[in-house]
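Thanks for coming. Please have the display open.

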Amino acid sequence: MTSNRPAYRAVADKIRSAIEAGEYAPGAQLPGDMTLASQFDTSRATIGLAVRLLLAEGYLIKKGRNYAVSPLLKKILRDANVRYRKSKREQGPDGAPSRGAFASEVKALGMRAGSDVRVDRVAPPARVAELLEVSADEASVLSRARRMTADDVPVQLATSYVPGDIAFDSALENVDTGAGGMISRLAEMGHAQAEVTEEINVRTPTPEEIDELQLTEDARVYELLHVARTAEGRAVEVAIHVMPTHQWTLRYGWTLDGQDT
């Protein structure tokens with residue numbers, strides 16, 4: 001103990017500071033437990049607790065039987081004020097064509113966006129069925145489930161659901177939906193999204209999410225429920241996003257009319 005602070009937290013502070021100072025570069029392998037224990041004059045158990053904390057914070061990643069500095073030390077900015085604009089979906093920050101807002105957000109960090117996509121016709125979860133006004137007892141929606149990465153680091157699980165009468169036998173069933181992604185294709189099909197609502201909760205990850213996102217049990221994730229409606233009020237997409245809190249900054253903005261200030 002040092003000034004009533006647990007020893008492992010003091011060690012984690014020092015390793016974290018070294019990472020932030022560039023002494024350990026992104027992707028660099030961390031010295032082994034015995035080396036670190038000798039360096040900080042502590043036990044391997046203390047090093048283990050410090051490493052676990054830094055894993056949960058996102059400073060370290062597991063690399064085989066060892067640990068390395070995460071390539072993703074800066075948070076991805078998910079700016080809801082601009083991410084749904086056509087220009088942001090279809091064009092990255094460098095002016096090159098983009099496959100959607102996520103790709104542009106990752107490219108803004110100088111990283112490469114990746115996405116493993118699974119497309120299925122499914123019976124939706126009850127909450128999704130209610131929002132889309134479809135049946136929860138039959139394959140009434142198209143599901144687009146993605147595991148998304150930044151330079152091969154998993155950063156998000158996202159599943160979008162679109163009513164079958166819109167999505168079945170359309171370009172939305174292609175794994176690659178082209179420039180601008182699914183939102184641009186919906187607009188071309190006459191279902192442009194005009195209103196979006198999002199609900200955000202923070203929770204512990206499920207065992208499956210821990211595995212898919214390479215998290216520790218100490219980590220926390222945002223669960224974001226996204227509902228998009230047309231100008232006529234029809235819900236045409238419900239998406240559930242799961243994002244590690246240490247990897248993302250969520251930004252929202254409002255215009256106030258000033259009448260109640």
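Predicted model: local features only at pLDDT ≥ 70, side-chain atom pairs only at ≥ 80, totals over all residues.

**Strands, cores and salt bridges**

Residues are numbered from 1 along each chain as its sequence is written, and side-chain values use heavy atoms, with hydrogens and water left out.

Helices (H or I, at least four residues) and strands (E, at least two) are DSSP runs, numbered from the N terminus. Two strands count as paired if DSSP finds at least two bridges between them.

Back to the strands. One of the bridges puts V117 with R146 in strand 5.

How many of the 10 residues of strand 5 are buried? Buried here means under 20% relative accessible area, exposed means over 50%, and partly exposed is in between, with a 1.4 Å probe and protein chains only. By that cut-off the number is 9, so strand 5, residues 141–150, is mostly covered.

Next, strand 8. Of its 9 residues, 7 are buried, so strand 8 is largely enclosed by the rest of the structure. Strand 7, residues 195–203, pairs with strand 8 in the antiparallel sense over 9 bridges, and V202 stands opposite Y222 in strand 8. Strand 9 is joined to strand 8 by 9 bridges, also antiparallel, with E223 opposite V242 in strand 9. Strands 8 and 9 form a hairpin with 5 residues between them, and in the turn G233 has a positive phi of about 95°.

Now helix 1. It has 14 residues and reaches 20 Å from first C-alpha to last, close to the 20 Å expected at 1.5 Å a residue; the expected span is 1.5 Å times one less than the number of residues. Its buried residues include A10, V11, I15 and I19. What covers the buried residues of helix 1 includes helix 3, strand 1 (60–63) and strand 2 (66–69). After helix 1 comes G22, with a positive phi near 85°.

On to the packing. A nonpolar core is a set of buried Ala, Val, Leu, Ile, Met, Phe, Trp, Tyr and Cys residues joined through side-chain atoms within 4.5 Å. The largest has 19 residues, and those with the most contacts inside it are I15, I19, Y24, L30, I47 and L60. Helix 1 (7–20), helix 2 (33–39) and helix 3 (44–57) are the elements that give it two or more residues. Which helix gives the most to this core? Helix 3 does, with 6 residues.

Contact means heavy atoms within 4.5 Å. Leaving out residues up to four places away in sequence, I19 touches Y24, Y59, L60, V69 and L73. Apart from that core lies another, of 15 residues, among them M148, V155, Y222 and L224.

Last, the charged pairs. A salt bridge is a side-chain nitrogen of Lys or Arg within 4 Å of a carboxyl oxygen of Asp or Glu. By this rule the count is 19.

R83 and E105 form one of them, at 2.7 Å, N to O. R83 lies in the loop between strand 3 (76–79) and helix 4 (86–90), and E105 in helix 5 (residues 101–107), so the pair ties together parts that are 22 residues apart in sequence. Both R83 and E105 are buried.

D165 and R234 meet in another, at 2.8 Å, N to O. D165 is in helix 7 (residues 164–167) and R234 in the loop between strands 8 and 9, so this pair links parts 69 residues apart in sequence. D165 counts as exposed, at 61% relative accessibility, and R234 as partly exposed, at 32%.

The salt bridge of E188 and R185, at 2.8 Å, N to O, stays inside helix 8 (residues 181–188), where the two are 3 residues apart, about one turn of the helix. E188 is exposed, at 58%, whereas R185 is buried, at 12%. Finally, salt bridges that share partners join R5, D13, R16 and E57 into one network.
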